[in-house]
Amino acid sequence: MNIGKIRFVNEILTEQMNHWMLFPLALAVAGASRYLAGEGDTMLLAWGLCSLFPLFFFLIRRTVSRLIPFVLLHLAAAALSLLIPVSFPAGKAVCVLCTLGYLLYSHTLRLKHAEVFSYGLHLPAGVGIAAFSAFFVRYLEIKDWDNYYIIALTAAIALYFISYYVEHYLDFLSVNESSAGFLPAAEMFHSGMGLVLLYTLLGTGILLLSSQFAWLSGILQPVRALLFRFLRFLLSGKGEEPTEEIEIPILEEQGDSMEEMTLPEATGPFWLWRVLEYLAMVILAVVICALAVLSLVKLFQLIRQYLNFRLQKEHAVDEEEACDFREKCELEHNTERKRQSLFSALSPHERIRKLYKKKLLASAPLLSEEDRNRMGIYTAKEWERKLETRGMSALYERARYSGQEMTGTDVKRMKEACGQGK
C-alpha cells in the first residue's frame with residue numbers, strides 16, 4: 001500500500017476543493033464588473049487555469065528545501081498568472097490576487113509551520129460563500145449564472161467527503177503504526193473508498209437533479225398524469241371515459257332583457273379522497289414524530305459516548321502523567337512539537353522547564369556517551385546529582401507536577417541553580 005501516493009492524491013483533491021469553493025467570489029466580482037462596466041463573463045476557463053497554481057506550489061514545497069530557490073520558483077510560477085486569458089480587467093485582477101494568495105499561503109505552510117500539505121476549508125464556509133455570492137449576483141439582476149454556483153458547490157461538496165474519508169484513513173494508519181498485529185490497510189482502503197464513492201456520486205446526482213427543478217418538473221409531469229389516471233381507474237372500477245367538450249351557449253340579446261343563467265351546483269370530492277388525505281396526514285405526523293424521537297435518542301447516545309471518551313482520555317492522561325516523570329530532552333530538534341500560545345510560553349512554569357532543558361542540553365558535550373544516550377530517561381534528581389547543581393530538581397518538579405503558582409522569583413532561583421555545576 002503506497003501511502004505517499006494516497007497523500008499526494010488527497011492533497012490535489014483538497015486544493016481543488018478549496019479552489020472551487022472560492023469560485024463564487026470570482027463570479028461575484030465578474031457580476032459586479034458586468035453590472036457597472038458592461039463587461040464580464042463567468043471566468044470558467046480562467047478559474048480552471050488558476051487551479052493549477054496550488055499544484056505548482058505544492059510540488060515546489062515538496063521538492064525544494066533551500067530558501068532562495070524556493071522563493072524564486074514561487075515567483076516564477078506566480079508570474080504565469082499574467083498570461084491567463086481573461087476578457088475584462090477585473091477578472092485579470094482576480095486571477096492575479098488569487099495566485100498571490102496561494103503564494104503567501106504556500107510560504108506560510110513551509111516557513112512558519114514546516115509543513116508540506118495544505119488544510120481544507122470547512123464545508124459551512126464554502127456554503128456560506130456560495131450563498132452570499134449568489135444573493136449578490138441576484139441583486140445585480142444576473143439570473144443566467146445560477147448553474148455555475150450550483151455545479152461548483154456540488155463538486156466541492158463531493159470532493160470534501162472524499163477528502164474527509166482519506167484524511168481519517170491516514171490518521172488511522174498513523175495511530176496504528178506501532179501495532180504489532182497485521183493491519184489490512186489495502187483492503188480497508190479499497191472497501192471504504194468504494195462505499196464513499198458510491199454514496200458521494202449518489203448524493204451528487206440527487207443534488208444536481210433537485211437543483212434543476214425547471215426541466216425536472218417537465219419530466220415528472222407525464223409521470224404525475226399517468227399516476228392520477230391509474231388511481232382513478234382503480235377507485236372508479238372502470239376506465240376513464242373520454243371527456244366531451246361542453247359548448248357554452250351564447251345568449252342572444254333580446255332588447256333590454258336577458259335570460260338568467262344558473263350555474264350547476266358544485267359537487268364535493270369523492271369520500272375516499274378525504275379518507276386518503278386524512279390517512280396521509282396521520283402517517284406524515286407519525287413519521288415526523290418518529291424521526292424527532294430517533295434524533296433525540298441518537299443525540300443522547302452521541303453525548304454519552306463523547307462524555308465517556310472524554311473521561312477515558314482524561315484517565316489515560318492522568319496515568320501517563322503518573323508514570324512518565326522524565327522530561328523529553330532530545331539532542332535532535334523535534335519538528336513535530338506542538339505549538340504553544342505566547343502567554344503559556346512566557347509563563348513561569350514554562351520558563352523554568354526551558355531553563356532545565358537548556359541546562360541539560362548545554363551540558364551534553366561534557367557528558368559521557370552513555371549519559372547522552374539516556375537523556376530522556378534520567379529524572380530531575382538524577383540530573384541534579386550528575387551535574388552537581390543545588391535546588392534545580394526541586395524547582396523543576398514544583399513547576400511541572402505540583403500545579404502550584406510559580407513566580408518570577410522562582411525563575412530567578414532556577415537561573416542561579418542552573419548556573420552552578422558542570
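**Figure 1. Overview of the chain.** The protein chain holds 17 helices and 0 strands. Helices (H or I, at least four residues) and strands (E, at least two) are DSSP runs, numbered from the N terminus. This is a predicted model: local features need pLDDT of at least 70, side-chain atom pairs count only at pLDDT 80 or more, and totals for chains, interfaces and linings use all residues. Residues are numbered from 1 along each chain as its sequence is written, and side-chain values use heavy atoms, with hydrogens and water left out. Of the 422 residues in the protein chain, 28% are buried. Buried means under 20% relative accessible area, exposed over 50%, partly exposed in between (1.4 Å probe, protein chains only). Among contacts (heavy atoms within 4.5 Å) between residues at least 6 apart in sequence, 72% join residues at least 24 apart.

Figure 2. N10 sits in helix α1, residues 3-21. Its relative accessibility is 4%, so N10 counts as buried. Neighbours within four places in sequence aside, N10 contacts S163, V166 and E167. I12 also lies in α1. I12 counts as partly exposed because its relative accessibility is 26%.

Figure 3. Helices α1, α4 (52-63) and α6 (89-112) each supply at least two lining residues. The most come from α6, with 4 residues. By class, the lining has 8 nonpolar, 4 polar and 2 charged residues. Ala, Val, Leu, Ile, Met, Phe, Trp, Tyr, Cys and Pro count as nonpolar, Asp, Glu, Lys and Arg as charged, and the others, Gly among them, as polar.

**Figure 4. Helices α13 and α17.** The axes of α13 (residues 348-362) and α17 (residues 408-418) come within 9 Å and cross at roughly 5°. The two helices are therefore roughly parallel to each other (angles under 35 degrees). From α13, the contact uses P348, R351, I352, L355, Y356 and K359; from α17, D410, V411, M414, K415 and C418. These contact residues divide into 7 nonpolar, no polar and 4 charged.

Technical notes. Axes fitted to C-alpha atoms, helices over the stretch in contact; angles between N-to-C directions. Parallel < 35°, antiparallel > 145°, perpendicular 65-115°, else oblique.
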